[in-house]
Amino acid sequence: QEGKEVRMTTATLEHVNFTASDPQATAAWLCNVFDWKIRWTGDSIYGGTTVHVGSDDTYLAIYSIGHVVSQDPRKSYHVRGGLNHMGIVVDDLDKVEAKLKAVGFEPHSHANYEPGRRFYFRDNDGIEFEIVSYS
């Protein structure tokens, strides 16, 4: 309406919920590599279990129904609603890359372009992560 002040709000992403074959194992490597903490673990929808892992402000909710759900992760960009990748900002890209290699992941697609440096990797479930540093 004319003459009315429009107020803008700031939105912040709180969490992303995704399915993994072993939420505890996924949470363990996430805590190890990113120095995150487990915020909550418990029963969840459809008889599954969920582990919340992250910081005080944001987290990943890692879910499992208890049996393998078959899906080819390489096809995520071709599936409506597919999870293409999750981006995580870090201060020290080289340190995080070394930690990822130490736990058995293979970084790929390194790129240096403004405003930062980045690389990608897939975890044991084929979920792709983008690691970026603006430092």
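In what order do the 4 strands of the open sheet that contains β1 lie, and what is their pairing?

Analyst: The model is a predicted one, in which local features need pLDDT of at least 70 and side-chain atom pairs count only at pLDDT 80 or more, while totals for chains, interfaces and linings use all residues. Residues are numbered from 1 along each chain as its sequence is written, and side-chain values use heavy atoms, with hydrogens and water left out.

The order is β1-β4-β3-β2, and the pairing in this open sheet of 4 strands is mixed. At the edges stand β1 (15-19) and β2, each of which pairs on one side only. On average, neighbouring strands of this sheet are turned by 20° against each other, direction ignored.

Some terms need their cut-offs here. A strand is a DSSP run of E with at least two residues, a helix is a run of H or I with at least four residues, and both are numbered from the N terminus. Two strands pair if DSSP finds at least two bridges between them. Angles run from 0 to 180 degrees between N-to-C directions, and the axes are lines fitted to C-alpha atoms, for helices over the stretch in contact. In general, strands of a sheet pair through backbone hydrogen bonds, either parallel or antiparallel.

The pairings can now be taken in turn. Strand β2 (residues 37-44) runs antiparallel to strand β3 (residues 48-54), and 7 bridges join them. Within this pairing, Ile38 has Val53 of β3 as its bridge partner. The hairpin of β2 and β3 has 3 residues between the strands, and Tyr46 in this hairpin takes a positive phi near 60°. On to the next pair: β3 and strand β4 (residues 59-64) are antiparallel, with 6 bridges between them. Here Thr49 has Ser64 of β4 as its bridge partner.

A second open sheet, also of mixed pairing, has 4 strands in the order β5-β8-β7-β6. Its edge strands, β5 (86-89) and β6 (108-113), each pair on one side only. From one strand to the next, the twist averages 20°. Helix α2 (residues 93-102) packs on this sheet and touches β6, β7 (116-122) and β8, where touching is contact, meaning heavy atoms within 4.5 Å. The direction of α2 makes about 10° with that of β7. Between β5 and β8, which run parallel, there are 4 bridges. In this pairing, Gly87 stands opposite Glu130 of β8.
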